[in-house]
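I am opening a new notebook page for this structure.

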Amino acid sequence: MRIHNFIPALLAAFALTCATAPAQTVKIGMINTYSGPLAAAGEQMDRGAKLYMKLHEKDLPPGVTIELIKRDDTGPNPEVAKRLAQELITRDKAQLLTGVIWTPNALAMAPLLTEAKVPFVIMNAGTAMITTKSPYIARVSFTLWQSNYLLGTWAAKNGLKNVYTLVSDFAPGIDSETAFTKAFTDAGGAIAGAVRMPVTTVDFAPFLQRAQDAKPDAVFCFVPAAKQATGFMKAFGELGMKAAGIKLIGPGDLTTDEELNGMGDPAIGTITMHHYSAAGDRPANKAFVAAYQAEFGAKEEPSFVVADAYDAMAALYHVVIAQHGNIDPDKTMELLKGWKYDSPRGPIEIDPETRDIVQNEYLRRVDKVDGQLRNTELETIPMVKDPWKELNKAK
Ligand code: PHB
């Protein structure tokens with residue numbers, strides 16, 4: 001090529017590159033619990049986000065990068081979460097928000113999202129009504145109604161007549177209690193007693209003692225996943241409730257995979273309903289668990305919090321890629337509605353009407369296999385929509 005042909009060609013190529021791939025950094029604010037007594041679930045969430053970004057950075061269009069700005073809400077502290085969201089939006093110019101273990105924190109953020117038009121992809125917080133609080137919220141995690149409403153029906157149909165409910169006294173606990181009780185009593189079951197425990201309690205023995213005295217067929221429990229679930233399980237074992245013939249049931253938060261081996265034998269036989277089990281034998285899950293163990297250690301089991309954060313990142317990558325890094329809030333919400341993904345937990349979808357997750361629920365039992373405790377999936381209930389929204393729609 002002659003020089004007078006070459007230079008215009010070079011300029012044209014340069015112009016084309018600029019037009020198709022302008023350098024774009026998308027700022028995503030992630031609010032998570034990185035410190036305080038309830039930080040263990042936060043670490044799981046952080047790992048899920050980190051793993052997805054490591055494996056999929058290569059999927060971003062040329063010139064597009066993601067900057068994840070992490071902030072610590074220190075636990076269920078709505079005032080802190082609200083302030084952090086405000087700062088992320090106004091000072092750090094975050095275009096998207098994600099994270100959030102705790103329902104009260106997500107609720108405190110909702111008005112800001114609407115006002116500033118900032119899309120928020122929830123990685124955990126599971127109280128059903130959260131998504132109704134702003135049109136800029138989409139949830140990739142779960143609702144407590146999804147697991148516990150189905151568990152209530154299962155319990156009544158599988159020989160449990162009297163169940164004593166114990167839940168943490170805040171929104172996800174109350175959702176768990178309400179969903180389980182409605183389905184269980186609608187199907188003929190009776191509630192032997194219902195007690196709500198302080199959110200941050202670590203001493204479960206007095207509550208379990210009262211439950212034991214009521215002689216129910218089973219105790220139903222929701223406590224936040226991670227260390228509190230382990231504390232609950234240990235107290236259940238120490239009081240000899242299993243030996244007394246009282247079964248333990250609940251959502252999968254109670255037998256969270258990363259803690260299961262630390263819970264020990266009292267956990268064996270616990271029946272839970274949940275959307276993710278590290279023991280699931282789907283190919284996407286096998287690959288996910290292998291990648292997780294390669295990154296964080298061969299003995300580490302990813303909990304549902306890891307899987308949910310990983311999937312939320314997949315949703316965020318989807319909107320970033322589809323818009324070539326030029327984030328428009330309303331376009332982002334349209335892209336999230338109806339988004340489908342072959343997740344480690346099975347097929348998932350964001351309901352276009354409610355912006356909430358639609359996914360399989362699995363009935364599971366804690367088993368000991370080769371000396372290791374695991375949540376064995378026994379039955380699959382496919383593509384469950386949030387029952388709370390379904391029931392309210394029907395009215
Ligand atoms: C919530 O606050 O919504 C929440 C917290 C911990 C869980 C589940 C839900 O394990």
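**Confidence**

I started with pLDDT: the protein averages 95, and 94% of the residues score at least 70. I keep in mind that this is a predicted model.

Over residues 13-18, pLDDT stays under 50. For residues 13-18 I found one contact beyond four places in sequence. Where pLDDT is low, the predicted coordinates should not be read in detail.

**Met 45**

I then picked Met 45. I found Met 45 in helix H2, which covers residues 40-56.

Is Met 45 buried or exposed? Met 45 counts as buried, because its relative accessibility is 0%.

I listed what Met 45 touches, leaving out residues up to four places away in sequence. The list holds Met 30, Asn 32, Gly 99, Val 100, Ile 101, Met 123, Asn 124, Val 305 and Ala 309.

I also checked Met 45 against Pro 62. They sit 17 residues apart in sequence, and their C-alpha atoms are 28 Å apart in space.

**Nonpolar cores**

I turned to the largest nonpolar core, which has 92 residues. Which members touch the most other members? I noted Leu 97, Phe 120, Val 140, Ile 249, Met 313 and Val 320. Helix H11 (residues 304-322) gives the most to this core, with 14 residues. Apart from this core I found another, of 25 residues, including Val 219, Met 233, Phe 236 and Leu 254.

Last, I followed Val 140. Beyond four places in sequence, Val 140 touches residues including Asp 308, Asp 311, Trp 339 and Arg 345. Also among them are Val 121, Ile 122 and Ile 357.

How values were computed: Residues are numbered from 1 along each chain as its sequence is written. This is a predicted model: local features need pLDDT of at least 70, side-chain atom pairs count only at pLDDT 80 or more; totals for chains, interfaces and linings use all residues. Side-chain values use heavy atoms; hydrogens and water are left out. Helices (H or I, at least four residues) and strands (E, at least two) are DSSP runs, numbered from the N terminus. Buried means under 20% relative accessible area, exposed over 50%, partly exposed in between (1.4 Å probe, protein chains only). Contact means heavy atoms within 4.5 Å. A nonpolar core is a set of buried Ala, Val, Leu, Ile, Met, Phe, Trp, Tyr and Cys residues joined through side-chain atoms within 4.5 Å. pLDDT is the predictor's confidence in each residue, from 0 to 100.
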